[in-house]
Amino acid sequence: MAAPRSLAVWGLCGRGWSPVLPGCRLPWLRSCWPSGPLGARPFSQEKRATETHFGFETVSEEEKGGKVYQVFESVAKKYDVMNDMMSLGIHRVWKDLLLWKMHPFPGTQLLDVAGGTGDIAFRFLNYVQAQHQRKQKRQLRAQQNLSWEEIAKKYQNQEDSLGGSRVMVCDINKEMLKMGKQKACARGYKAGLAWVLGDAEELPFDDNKFDVYTIAFGIRNVTHIDQALQEAHRVLKPGGRFLCLEFSQVNNPLVSRLYDVYSFQVIPVLGEVIAGDWKSYQYLVESIRQFPSQEEFKEMIEDAGFQKVTYENLTSGIVAIHSGFKL
Ligand SMILES: COc1cc(O)cc(C/C=C(\C)CC/C=C(\C)CC/C=C(\C)CC/C=C(\C)CC/C=C(\C)CC/C=C(\C)CC/C=C(\C)CC/C=C(\C)CC/C=C(\C)CCC=C(C)C)c1O
Ligand SMILES: C[S@@+](CC[C@H](N)C(=O)[O-])C[C@H]1O[C@@H](n2cnc3c(N)ncnc32)[C@H](O)[C@@H]1O
């Protein structure tokens, strides 16, 4: 079994506090460090940075992580209200459907990567609690001669109310996690829930640890999607399930036209009016257009080693749920 990877630490690097993550992909640290023991290499020998996209902008892979970090740092406080406004609440239904598809069993250990403000984790806790309570009621009804004390004990044990299920929320962004923790406190979620700062591309967990890995509206923001998928495969137990909820390609031409108008003409305006942040919401709609199609993403999941990979389109393919198993 691999040694547990260290959790993110925080380092000061020129542009204020930036996450310095384990394992040596330290883009922001590297950007303010000489490129070798003898300082900067002559220009001709300088390795050209690999390019990627940040929305429709072309940036170096090293820049992308920092830019994505700034986006979510900026939107964190208004994130939940923006989602309800922009989607007219539809994102809640998509997230519920992800949980119904997962249909966790008692004792499920879930890792929710890019978990942000906790929407998937809270739904998971509600789901397993309701499931456990139904089971407990059935058992209590079936048992004869129980004392009132024994019955009350069963109802009061908070830890046990989840039937051993637990969820770990992992996100790279300190501000998103902070908002998530505040929401958890306000809603009274305590048992079975943990928050970890970490990068989807280099998860701070042992191999074969979780039954289910979820990532909702997160993988689109990751620089090396293939690496994140490999990490998902590594941390899942054999038999474990990968589930991804993400924007995808619309399969109805009329919906597609309306969707484009709404995305490019309305969303950034809402971003500016509600969150005072046009650019982050422009990034959102552009990043959706850069994300691979349903079939392309399915292949990427298979390339990471997952089996029985399938997907289901929701709302004409505006979003899709991909599923795969580590067998
Ligand atoms: C910075 O990064 C991010 C920030 C975030 O806050 C969130 C995320 C990640 C995203 C989520 C967690 C999910 C929640 C967020 C969204 C769904 C926002 C993204 C929105 C889009 C890409 C556009 C598509 C949105 C939807 C399908 C949701 C439903 C919205 C409507 C039905 C729109 C209704 C609005 C109006 C009627 C207002 C007037 C609109 C116009 C004048 C423009 C023309 C538009 C239309 C006629 C209707 C639009 C129709 C469609 C969008 C498609 C048809 C829909 C169906 C078939 C149901 C993050 O990364
Ligand atoms: C659109 S939010 C989704 C939050 C939540 N899953 C939901 O459905 O509401 C995207 C999240 O991905 C996180 N993220 C971006 N890149 C990441 C990475 N490399 N590793 C972990 N989280 C990342 C962001 O910090 C942000 O919280």
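**How do helix 9 and helix 10 cross, right-handed or left-handed?** The crossing of helix 9 past helix 10 is right-handed, meaning the near helix is turned clockwise from the far one by less than a right angle. Helices here are DSSP runs (H or I, at least four residues), numbered from the N terminus. The pair packs at about 155 degrees with axes 7 Å apart; axes are lines fitted to C-alpha atoms over the stretch in contact, and angles run from 0 to 180 degrees between N-to-C directions. Helix 9 and helix 10 are therefore roughly antiparallel (over 145 degrees).

This is a predicted model, where local features need pLDDT of at least 70 and side-chain atom pairs count only at pLDDT 80 or more, while totals for chains, interfaces and linings use all residues. Residues are numbered from 1 along each chain, ligands are numbered from 1 in the order written, and side-chain values use heavy atoms, leaving out hydrogens and water.

**Who sits around ligand 1?** Of the 28 residues around ligand 1 (a heavy atom within 4 Å), Tyr79, Asn83, Arg220, Tyr281 and Leu284 come nearest. Helix 9 (253–275) is among the helices that supply at least two shell residues, and its eight are the largest share. By type, the shell splits into 20 nonpolar, six polar (Gly among them) and two charged (Asp, Glu, Lys or Arg).

Oxygen atoms of ligand 1 lie 2.7 Å from the Asn83 side chain, 2.8 Å from Tyr281 and 3.1 Å from Arg220. The protein covers 77% of the ligand's 1,200 Å² of accessible area (Shrake-Rupley, 1.4 Å probe).

Technical notes:
A polar contact is a pair of N or O atoms within 3.5 Å; within protein, one must be able to donate a hydrogen and the other to accept it, and residues adjacent in sequence count only if both atoms are side-chain atoms. Angles under 35 degrees count as roughly parallel, over 145 as roughly antiparallel, 65 to 115 as roughly perpendicular and the rest as oblique.
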